[in-house]
Amino acid sequence: MKKIISGIVVIVGIIIILYFLKPSPPAELTTTSEKEQPIPIEIDYKNIAYTIDGKSIKLTNGMAENSAAPDSALMITTRYFGNEYRSDVNNDGKEDVVFLLTQETGGSGVFYYAVAALKTESGYTGSDGFLLGDRIAPQTIENSPNPRHKNVVVVNYAKRREGEPMTTPPSVGTSAYLKLDTDTMMWAIVEPNFEGEAR
């Protein structure tokens, strides 16, 4: 009888030891590896450079701060605004992103720019910024409704009437018809009712 009890005690002891020695699930390893992964390509366009007024502006998480001039304390702040529109801007079969950036130069102005991020195999490439205006009221971005326009995007916004002070809310609906020159990465203005073909 004592031998049976001793045998049971030994078996239970082995089971307890094996339970505590088994490896724990690799939850921590999964979390660590996820943290070390590169920025997903879908949000990478908030971490690349765009050209604003001839200067390359590198965004980090959708924002950049640069000195207005060498040794100047005045900072120029560029921010991702949004109003994203996804479309194949350069007709290469990949979905690009057109959206707005704002730039504040230290005064009361807030300047809005339309930019494009072209998707490539290795990430995104940023375009030149097209100036829409100061303290406008952004609306939608869409493809041109003109069937003769190829890869033309329309940026809709409201601006003030000529001569109105900047304190007046924007009330005049305006649309910029834009086509990106992929060689220069600059925007060209297209006439809305152009009768030819915008190639």
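Is Asp53 buried or exposed? I looked this up before anything else. Asp53 is exposed, at a relative accessible area of 56%. The cut-off I used for exposed is over 50%. I note that the model is a predicted one.

**Entry: Asp53**

I checked the backbone here. Asp53 is not a glycine, yet its phi is positive, about 50°. I then placed the residue. Asp53 lies in the loop between β1 (49–52) and β2 (55–58).

**Entry: Asn61**

I went on to the next loop on my list. Asn61 sits in the loop between β2 and β3. I read its phi as positive, about 55°, and Asn61 is not a glycine either. Is Asn61 buried or exposed? Asn61 counts as exposed because its relative accessibility is 64%, and the cut-off is over 50%.

**Entry: β3 and β4**

I turned to the strand pairing. Strand β3 covers residues 63–67 and strand β4 covers residues 75–87. The two run antiparallel, joined by five bridges. Which residue in β4 is the bridge partner of Ala64? I found Thr78.

**Entry: β4 and β5**

I followed β4 to its pairing with strand β5, residues 96–104. How many bridges are there between β4 and β5? I noted eight, in the antiparallel sense. I also looked up one residue pair here. Thr77 stands opposite Glu104 in β5.

**Entry: recap**

For β4, I have antiparallel pairing with β3 and with β5.

How values were computed. Residues numbered from 1 in each chain as written. Predicted model: local features only at pLDDT ≥ 70, side-chain atom pairs only at ≥ 80, totals over all residues. Heavy atoms only, no water. Pairing = 2+ DSSP bridges. Helix = DSSP H or I, 4+ residues; strand = E, 2+ residues; numbered from the N terminus. Buried < 20%, exposed > 50% of the residue type's maximum accessible area, 1.4 Å probe, protein only.
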